[in-house]
Amino acid sequence: MQDRNQTLLALRPNIDTITDSLNTKDIESFQNKVLRPILKFQNHLLLHLFAHYARQYKGVFFKLNNQQQLEYIHQSLSTNQSFKSKLIGTVVGLFTTEEYVYYSQNLSALNKRIISMSIQRLQDQLELLGS
C-alpha cells in the first residue's frame, strides 16, 4: 500500500502559494494540501467530463451566453447528483489511505468543498469548454 501512496503523492503538482498559519483549520489545510493539487492534476479530465456532460443534454450549454454558461455550470454541479458523484470520485480516487480516512470522517464538508472548487475551476476556464 505504501507504494501506491508514494506514487499518488509524487503525481501531484506543487502549489507554491499555499501557506498554513496557526489559525488554519484542519479542513482548510486539507483543502490546500490535498484537494487543490488533485484538482489541478485532474483539471484536463474535469474539463472533458463537463463538456461530455453538457453534450449529453443536447448541447444547450454551448448555445448560451457567458453569464448563462456560468449559471449552467453552477446549477449542473449543484443539482445533478450523478454528475456530482462522478466529479467527487475523480478526486477521492487519488487520495492516499490516510487522506481517505480523514475524508470519510469529514465527508459532507469536504464534498461541498470539492464541488465548490470544481465549479470555480470550470467557471474560470469557460473559454476551454467551447463547443
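This is a predicted model: local features need pLDDT of at least 70, side-chain atom pairs count only at pLDDT 80 or more; totals for chains, interfaces and linings use all residues.
**Notebook: pocket and salt bridge**

I started with the largest pocket, which holds about 160 Å³ of space. My pocket rule, on a 1 Å grid over the protein atoms alone, is an open set of points where a 1.4 Å probe fits, with protein on both sides within 12 Å along at least five of seven lines. The volume is the space filled by probe spheres set on the points, joined across faces, edges and corners.

Numbering runs from 1 along each chain as its sequence is written, and side-chain values use heavy atoms, with hydrogens and water left out.

Next I looked up the lining (residues with an atom within 4 Å of a point). I found Ile-15, Arg-36, Leu-39, Met-117, Gln-120, Arg-121 and Asp-124 there. The largest share, four residues, is from α7.

Then I turned to salt bridges (Lys or Arg side-chain nitrogen within 4 Å of an Asp or Glu carboxyl oxygen). I got one for the structure: Arg-12 with Glu-99, closest N and O atoms 2.5 Å apart. The pair links distant parts of the chain, 87 residues apart, with Arg-12 in the loop between α1 (2-11) and α2 and Glu-99 in helix α6 (residues 97-105).

Last, I checked burial (under 20% relative accessible area, 1.4 Å probe, protein chains only). Arg-12 is buried at 11%, and Glu-99 is buried at 11% too.

Methods. Helices (H or I, at least four residues) and strands (E, at least two) are DSSP runs, numbered from the N terminus. Buried means under 20% relative accessible area, exposed over 50%, partly exposed in between (1.4 Å probe, protein chains only).
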